[in-house]
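Open the model in your viewer and keep the selection tool at hand. The stops below say what to select next and what is found there.

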Amino acid sequence: YTTLFRSIAGVRFRGNSLLLIFFLLLVLCVQTVPGLGDAYAMYVYPSIARALSSFSRLVPFAIGDLFIALSIAGILLYPVYARCIRKQKWNRILQKDVKYLLWVYVWFYLAWGLNYSQKNFYERTGIPYTAYTPEIFNEFVDNYISKLNESYVPVNRIDKEVIRKEAVRQYNLISDTLGIHRPPHSRPRVKTMMFTPLISMVGVTGSMGPFFCEFTLNGDLLPPQYPATYTHEL
């Protein structure tokens, strides 16, 4: 029985390794072969996004944040447990840690990251690219600051439900011209970042959680910051 169990475990281990190698090669192919990134973004990602977001929106907290935190803790603590308690060799311990990191890498790219391999924003939208010059940049900044100051209004409170409705409505109207997909849900669930105090210290206002296709906002956002951050992460 012991021999049979070891044989089965060995087959499963090799099978997992082969599957990991297959996914790594798949990610590499999409990143390097022209056209595959566009195919992923247009035909594969929408289904993945809808499936992952349909699951994550059922959970009230940011499961992506928890997953990242537990992964970091596991990578750091597992070697101590495996070496001190299980008495495993260091090469086997490091192999398992590396293998786990590779699975996270694969998950990141297959679930979202391969969108970076599609045509750039200018190619998708047909917007002409303006080359950088100091003069053009200074003119843009001066004009931007002037327009920003002219449009200033004091904002002390916001209606988050109105922002949600308008964000979804506007994205549905302009998604084709921007070369992006429409929101997968009419009522997307926005979540508060799990480690808001730490996130505030590094100046992050929000994030798009790639592992579960959930978008999270910093819990310390001020009312004037909320609409732009909401629409950007959505």
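Select E161 and R164 in helix 7: being three residues apart in that helix, they are separated by about one helical turn. Helices here are DSSP runs of H or I with at least four residues, strands are DSSP runs of E with at least two, and both are numbered from the N terminus. The two side chains form a salt bridge, with the closest N and O atoms 2.4 Å apart; the term stands for a side-chain nitrogen of Lys or Arg within 4 Å of a carboxyl oxygen of Asp or Glu. This is a predicted model, in which local features need pLDDT of at least 70 and side-chain atom pairs count only at pLDDT 80 or more, while totals for chains, interfaces and linings use all residues. Residues are numbered from 1 along each chain as its sequence is written, and side-chain values use heavy atoms, with hydrogens and water left out.

Colour the pair by accessibility. R164 is buried, with a relative accessible area of 9%, whereas E161 is partly exposed at 31%. Buried means under 20% relative accessible area, exposed means over 50%, and partly exposed lies in between, with a 1.4 Å probe and protein chains only.

E161 lies in helix 7 and R187 in the loop between helix 7 and strand 1, so the pair ties together parts that are 26 residues apart in sequence. R187 counts as partly exposed, at 48% relative accessibility.

Next, select E166 and R169. Their side chains meet in a salt bridge of 3.0 Å, N to O, and the residues, three apart in helix 7, are separated by about one helical turn. Both are partly exposed: R169 has a relative accessible area of 42%, and E166 has 36%. How many salt bridges does a search of the whole structure find? There are five.

**Helix 9**

Select residues 226-233. Which residues of helix 9 are buried? They are Y226, T229, Y230 and E233. They cover an arc of only 100° around the axis, which puts them on the same side of helix 9; the arc is that of the directions from the helix axis to the C-beta atoms. The face turned away from this buried side carries the exposed residues A228 and H232. Now show what covers the buried residues: helix 7 (160-178), strand 1 (190-192), strand 2 and strand 3 are included, where contact means heavy atoms within 4.5 Å.

**Strands 2 and 3**

Select 206-209 and 214-217. Strand 2 and strand 3 run antiparallel and are joined by four bridges; two strands pair if DSSP finds at least two bridges between them. One of the bridges can be picked out by selecting G209, whose partner in strand 3 is E214.

The hairpin has four residues between its strands, and C213 takes a positive phi near 50° there. Most residues other than glycine have a negative phi. C213 is buried, with a relative accessible area of 12%.

Compare K87, in the loop between helix 3 and helix 4 (90-111). The phi of K87 is near 60°, again a positive value in a residue other than glycine. Is K87 buried or exposed? K87 is exposed, with a relative accessible area of 63%.

**Nonpolar patch**

Select F61, L66, L70, M194, F195, L198, M201, V202 and V204, which make a nonpolar surface patch of about 840 Å². Patches are made of residues with over 30% relative accessible area and no salt bridge; like charges are joined within 9 Å, and nonpolar side chains (Val, Leu, Ile, Met, Phe, Trp, Tyr) within 5 Å. Accessible areas come from the Shrake-Rupley method with a 1.4 Å probe, and for residues only the protein chains shown count as cover. Helix 3 (63-84) and helix 8 (196-201) each supply at least two residues of the patch. F61 sits in the loop between helix 2 (36-56) and helix 3 and counts as partly exposed, at 38% relative accessibility.

**Last stop**

Select G35, in the loop between helix 1 (2-32) and helix 2.
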